[in-house]
Amino acid sequence: MPADDPAPSRAEIVVTVARAAQLEKRFEKTWNRPPSPTEREQLIEAHLREEVFYREAVAAGLDKDDDLVRRRMQKKFEFLIEDISGLTSPTEDDLRAFHEAHADRYRIGARFWFRHIFFSPSIRKTPQADARALLATLKRENDGVQEGDALRMVEPAIGDVSQDKVERIFGKGFAADLLGAQVGEWSGPIQSGFGVHLVRVDDRKSGGLAPLADVRAAVEDAWRRERRSQMFDALYRRLRAKYTITVESNAVESE
Amino acid sequence: MTRRMYGMPTALVLGLLVSTFCTVSYGQDPVPSKEGLKRAFPARKNYSPYAGRNYPTQVFFGDTHLHTAMSMDAGAFGARLGPDDAYQFARGLEVISSTGQRARLSRPLDFLVVADHSDNMGFFTRLFAGDPSFLADPTGRRWYDMVQKGGNEGVKAASEIIASFSAGKFPKALESMPGSQAYRSAWETTIKAAESHNTPGKFTAFIGYEWTSNKAGNNLHRVVIYRDGGHKASMLEPYTTLPPLGSPNPRDLWKWLARYESKTGGRILAIAHNGNLSNGIMFPVVDPVTGKAFDRAYAETRSRWEPLYEMTQIKGDGETHPFLSPNDEFADFDTWDQGNLDLSVLKTKKMLEFEYARSGLQLGLRLGNQLGVNPFKFGMIGATDSHTALATTGEDNFFGKHSGGEPGPKRWEHPMAEFNGKRYEGWSMAAAGLAGVWAKDNTREAIWDAMKAKETYATTGSRMLVRFFGGYDFREDDAKSRTPATAGYAKGIAMGGDLSPAKEGQVPSFLAVALKDPYGANLDRIQVVKGWVDASGKRFEKIYNVAWSAGRKLEANGKLPAVGSTVDVKNATWTNTIGAVELVAVWKDPDFDPKVSAFYYARVLEIPTPRWTTYDAKQYGLTLPKEVPTTLQERAYTSPIWYTPSK
């Protein structure tokens, strides 16, 4: 504070025009309109309450030598650093290197085009045997639409679907069976969460590493997170090096 | 839904379809046979069902109501995971829970709403960090110490925080107010997490929050869900419940929603939950604040902003109460009826009809007849309301309401919450629920629009597929069809819709189809629940069993014997040797009165499976008291189809 400015006495609280304007702005953020006179009064009263508590807390010395204040200041400093670190952007090379180094995160599973015929264990006593019996007679061109039992909310022909999606529709393990099936032939029976199926996989694309172009946003996000964490560590080490650190101990020195 | 007439002779249309039929086509819908088509589309209709397939062909499952450490109470309960972790988990990745346990969903969810409390958003992160203005207040200091101690002390602190907030006694010094830096950064964190995880076509992350009206402990909470992205959502800060910036009155929330839409051009809706903890004011027939009768404007406003109701979740199932529905053998399910949210006032029977979905829908019909508009015309969804940031609903994978209830040998007996000696038992938590949405694509716009249109259903945690259509032209053959949705949309309207007034001699019929959850249990039955009011406004209901697994016959009184149980309680297992993989029926209302307003919704039940407490007993070698149920029948509840007579 400038020397010639008289410090207000501890008992005096001044709500400046600027402060009141700030309170009104807060209100507008919620309501997108200025407060009415009554509302404005309530805002100012709420602010005064906060100010009174704050001053009492300071008077009680709660801001000095307090673990919690210290921690709060550490957090504030970290926020500052975070704001700065947010300005660093990855280069194309950065992203490519990260993408390769963490390839396991960016795998995409296989995709399938297949038909299936369903044999319901709720309707039949021997769905497996029935499936095998039909398999023996099925010709390749048969699309299977009217064969087997109805599964009304699952398509008999499903195209361009991921492994994940297959598992969600049919249950765990079904996609693995599709991976092992002979392309272009009816095969089975295989088990799903519903019952027994014959399947004909008409096309299959194996999985692999998703090209960077497809997962760019995720890679960039992950890169930034790793960068931030590395930056904090590096900064801390640099700052720590400025200090001479002594850790005292009560331990008795061994002979 | 309007259909364009193509003016082509039927035979030509069928011929075209048959010729395209022979090539293998991978569409979103099964390819019907020529015979099937003939049956679905009688000769007089001459348009192609394949031109501009205009209806949803997929169900997307999600949780519309999840809390993270950003919520003021979640953090105190022990949550350390934020919105980012919540989305990772919902997308199917493994995370470490707040209690250090590895957790993963059986399969990813399709969408998620992280809906942290708008009041004091970010409060807990400030409390935990020891914000100095918090510690200047004696209550703040005490809560800080209790939270640092953790465990039961943390749970106690959380209960106090909730209780003081509902009683309006939350210390002013501790409020995190909209407009403040802390609040703004909390809201920005929420938005940022949703934006970074939202992947159109694969996973939808909605921006949202919970407006937690809890005056005098009576629950009137609403979750607010934005159709929009961060640009619009960040224009206004969320609405809170504390004056002067907020209010606990839903009418004020609706004003704020209107303000949001008019100022930003965005779209937004609100979903209420836990009528069972409102102590009689969730579906009131007079204004609970003024005691005055409602007017048409109230009905229009409420029904406009609240198209759905979250009717099943961890804090109880809200379909109906055994007192209200004594003839419904499935009514007493996850019944929470001790009192309001903080147990400051205990329940009386008079309150019940104003608290539950079924009676709420009936009261809506009554008020609709009086006011000309039905204020309680809501579709149904389920959600968790979990405060662990983990949206778990599987009985064998339940991480509790809050981090004090994450898996452990004592979690069944610890109170979920305790207020002045009264408690909600840990074992009474329900591993529920989910929202199933029939939408055209997995995007914010498509799913939000479907929610607004009420083409949704609630489940108690499983993922059965359910279709429910109403119309005047359904036939038995439609049940035989392998493509029921084609007939459903062509000849009727889907769940959440309205039947046109019946013409002379017409009686509504309904097409209901259900498919079991492929990761779960077989189905027991499909029921249609019909509700109506008479001229004096008195409420009536009737339940019809319309489809069930083989081996049982309907009794003379319409009841169906129980499906039985394969549950081995000791080993926490069951087998799918009873029940059905899928069920389908066309059902005509045998008691139809064309002059009476009514609603119909489908309720689907699974065969019995072990309850989460049974899995805990096995895992930890526990012997639980008799009052703890050992099994449950998971269920789905569709949005209703309403019938309104002509004037």
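By accessible area I mean the area found by the Shrake-Rupley method with a 1.4 Å probe. On that basis, chain A has an accessible surface of about 16,700 Å², and carbon and sulfur atoms hold 51% of that surface. Please keep in mind that this is a predicted model.

Staying with chain A, how many of its residues count as buried? The figure is 33% of the 255 residues. The cut-off for buried is under 20% relative accessible area.

As for secondary structure, chain A has 8 helices and 6 strands. Along the sequence the pattern reads α-α-α-α-β-β-α-β-α-α-β-β-β-α. Now the contacts in chain A with a separation of 6 or more: 70% of these come from residues 24 or more positions apart.

Next, chain B. Here 4 strands make an open sheet with antiparallel pairing, and the order is E16-E15-E18-E21. Which strands stand at the edges? In chain B they are E16, residues 492–494, and E21, residues 582–588. Each of these two has a single partner strand, so one side of each has no neighbour in the sheet. From one strand to the next, the twist averages 15°.

Strand E15 of chain B, residues 465–471, runs antiparallel to strand E18 of chain B, residues 509–515, and 7 bridges join the two. Within this pair, B:Phe469 is opposite B:Leu511, which lies in E18(B).

That's what I have; questions are welcome.

Notes. Residues numbered from 1 in each chain as written. Chains lettered and ligands numbered in written order. Predicted model: local features only at pLDDT ≥ 70, side-chain atom pairs only at ≥ 80, totals over all residues. Heavy atoms only, no water. Buried < 20%, exposed > 50% of the residue type's maximum accessible area, 1.4 Å probe, protein only. Contact = heavy atoms within 4.5 Å. Pairing = 2+ DSSP bridges. Axes fitted to C-alpha atoms, helices over the stretch in contact; angles between N-to-C directions.
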